[in-house]
Amino acid sequence: MTRRAHLDGYIDRIVEHDVQELGRTVRNRDTLRRWMTAHAAATSTSASFETIRDTASPGESDKPAKSTTIPYRTALEGLWMIEEVPAWLPTRNRLRRLASAPVHQMADPAIAARLLGVTAESLLEGSDGGWGTTREGTLLGALFESLVTLSVRVYAQACEARVLHLRTHGGEHEVDLVVERADGRILALEVKLSAAIGDRDVAHLRWLADRAGPGLLDAAVITTGPEAYRRRDGIAVIPAALLGA
């Protein structure tokens, strides 16, 4: 209860005070809260503007134009409430036909969960409160990926590296996180809400390794498991709890 109260207070502070202190003009604070919730629902997805807009304005036949909603998005970005993971668009290898849409993330998955009204118990039971329609997979999986992304960003920043994601135009291949150094060499990471990892779970990493060549420093799967090890194909398996250890 105390944690929920702290999160509610933080969200209220953003809606009622911080946006105004930032110098942004937001006329309808209820609308701002709905946009925050819509972005929370899009966690770990590359949902389009139209999808997020429809989630933020349910039941409205006359949807707001993109120009009308820019102040809400700008305000949330200025307060670091939403921080997208840009697409990786390399120029030094043979990769082609990559999608450029970013992956949506909030500052903290705990804030996203609170905005969506889900608890640890409901997530573990598989109940997402009706928010599962905006993504492939479960809301728990999306929030786990968000947590891993947050952690990787902290460590990457200390190394002066960027955190990006990779997805082909048709969605045939996708790598959750690509950490790129200043010299262009990369670390590829997949995030799996599982303790057991099989060959299917590393298929996209192996695909990328074949194309990136020596530009790929290493590849790993981040899991919920208890142990770290390296597979016979060379791909590492690392529990999220050991990141940064």
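Colleague: What share of the contacts in the protein with a separation of 6 or more comes from residues 24 or more positions apart?
Modeller: Such residues account for 58% of those contacts, contact meaning heavy atoms within 4.5 Å. The model is predicted, so local features need pLDDT of at least 70 and side-chain atom pairs pLDDT 80 or more, while totals for chains, interfaces and linings use all residues. Residues are numbered from 1 along each chain as its sequence is written, and side-chain values use heavy atoms, leaving out hydrogens and water.

Colleague: Why is the pair of tryptophan 35 and phenylalanine 49 called stacked?
Modeller: Rings of Phe, Tyr and Trp (its six-membered ring) pair if their centres lie within 6.5 Å; planes under 30 degrees apart count as stacked, over 60 as edge-to-face and the rest as tilted. Here the centres are 6.2 Å apart and the planes lie at 25°, so the pair is stacked. Tryptophan 35 belongs to helix H2 (residues 29–41) and phenylalanine 49 to helix H3 (residues 49–56), helices being DSSP runs of H or I with at least four residues.

Colleague: Why does tryptophan 35 count as buried?
Modeller: Buried means under 20% relative accessible area, exposed over 50%, and partly exposed in between, with a 1.4 Å probe and protein chains only. Tryptophan 35 has 5% relative accessibility and therefore counts as buried.

Colleague: What makes H2 roughly perpendicular to H5?
Modeller: H2 and helix H5 (residues 109–116) pack at about 115°. Angles of 65 to 115 degrees count as roughly perpendicular, under 35 as roughly parallel, over 145 as roughly antiparallel and the rest as oblique. H2 is therefore roughly perpendicular to H5.

Terms used: Helices (H or I, at least four residues) and strands (E, at least two) are DSSP runs, numbered from the N terminus. Axes are lines fitted to C-alpha atoms, for helices over the stretch in contact, and angles run from 0 to 180 degrees between N-to-C directions.
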